[in-house]
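User: I would like to go through this structure and test each label against its value. Let us keep it short.

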Amino acid sequence: MTLPVALSLVLALLAVAHAWWAVGGIWPAASEPDLARAVIGDGRIRMPPPWQCAGVALVLAAVGAWPWVVMRWPDSHLVLIGSIVIGAVFFIRGTAGYSARWRARFTAQPFRTRDFYIYSPLCLALGVGF
């Protein structure tokens with residue numbers, strides 16, 4: 001029961017952050033350019049449009065509910081396939097953060113450092129969790 005709670009909690013927090021950005025919030029940064037450099041990393045100084053942040057928030061919320069779907073229907077082949085796909089997406093994102101191509105494209109600080117020490121390891125952990 002601990003794993004579904006942990007996965008759901010982490011994804012809920014990420015969904016809330018993206019929803020906050022969708023409505024114009026800039027936490028945890030002091031300005032929009034600072035936030036963009038911290039969470040995007042490709043050199044832009046503006047956040048994506050609100051609809052994109054809201055879309056990511058909705059997807060993260062849905063994925064955060066998935067562990068409870070697994071608990072409800074543990075023997076379903078469709079649920080197993082969904083879990084594998086979700087885990088693979090997180091795992092691919094996590095490993096991409098350590099590739100030379102990714103590191104060459106996403107060079108803005110503090111994203112680059114945070115990606116190496118926080119974002120990519122978190123994605124790898126979520127991938128393993130699913």
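**Labels and their grounds**

Analyst: C53 counts as buried because its relative accessibility is 5%, and the cut-off for buried is under 20%. This is a predicted model.

User: What makes C123 buried or exposed?

Analyst: C123 has 12% relative accessibility. Buried means under 20%, so C123 counts as buried.

User: How do you know how many disulfides there are?

Analyst: A search of the whole structure finds zero. A disulfide needs two cysteine sulfur atoms within 2.5 Å. For C53, the closest cysteine sulfur is in C123, 16 Å away, so the pair is too far for a bond.

User: Which residues of α4 are buried?

Analyst: V79, G82, S83, I86, G87, F90 and G94 are the buried residues of α4. Seen down the helix axis, they fall within an arc of 125°, so they line one face of α4. An α-helix has 3.6 residues a turn, so residues three or four places apart point the same way.

User: Which exposed residues does the face turned away from the buried side of α4 carry?

Analyst: That face carries H77, L78, I84, V89 and I92.

User: What makes V89 exposed or buried?

Analyst: The relative accessible area of V89 is 53%. Exposed means over 50%, so V89 is exposed. V89 is in helix α4.

User: What do the buried residues of α4 pack against?

Analyst: They pack against three helices: α1 (2–22), α3 (50–72) and α6 (111–129).

User: How does the span of α4 compare with the expected value?

Analyst: Helix α4 covers residues 77–96, 20 residues in total. From first C-alpha to last, α4 reaches 28 Å. The expected value at 1.5 Å a residue is 28 Å, and the span is close to that.

User: What caps the N-terminal end of α4?

Analyst: S76 does, with a side-chain oxygen 3.3 Å from the backbone nitrogen of L78. The cut-off for a polar contact is 3.5 Å, and 3.3 Å is within it.

User: What makes S83 buried or exposed, and which side chain does S83 meet in a polar contact?

Analyst: S83 lies in α4. Its relative accessible area is 9%, so S83 is buried. The side chains of S83 and W66 are joined by a polar contact of 2.9 Å. Beyond four places in sequence, S83 touches W66, V70 and F130.

User: What makes S120 buried or exposed?

Analyst: S120 has a relative accessible area of 0%, so S120 is buried. The residue lies in helix α6. The side chain of S120 makes a polar contact of 3.1 Å with the side chain of R93.

User: Which residues make up the largest nonpolar core?

Analyst: There are 10: L7, L11, A15, L60, V63, I86, F90, C123, L126 and F130. Helices α1, α3, α4 and α6 each give two or more residues to this core. The most come from α1, with three. Apart from this core lies another, of eight residues, including A17, L35, A36 and I40.

User: Which residues is V63 in contact with?

Analyst: Neighbours within four places in sequence aside, V63 is in contact with L11, I86, F90 and F130.

User: What makes A57 buried or exposed?

Analyst: A57 is at 7% relative accessible area, so A57 is buried. A57 sits in helix α3. Residues up to four places away in sequence aside, A57 touches A15, H18 and A19. The C-alpha atoms of A57 and A17 are 7.7 Å apart, although the two are 40 residues apart along the chain.

Note on methods
Residues numbered from 1 in each chain as written. Predicted model: local features only at pLDDT ≥ 70, side-chain atom pairs only at ≥ 80, totals over all residues. Heavy atoms only, no water. Helix = DSSP H or I, 4+ residues; strand = E, 2+ residues; numbered from the N terminus. Expected span 1.5 Å × (residues − 1). Buried < 20%, exposed > 50% of the residue type's maximum accessible area, 1.4 Å probe, protein only. Arc of directions from axis to C-beta. Contact = heavy atoms within 4.5 Å. Polar contact = N/O pair within 3.5 Å; in protein donor to acceptor, adjacent residues only side chain to side chain. Core = buried A, V, L, I, M, F, W, Y, C linked by side-chain atoms within 4.5 Å.
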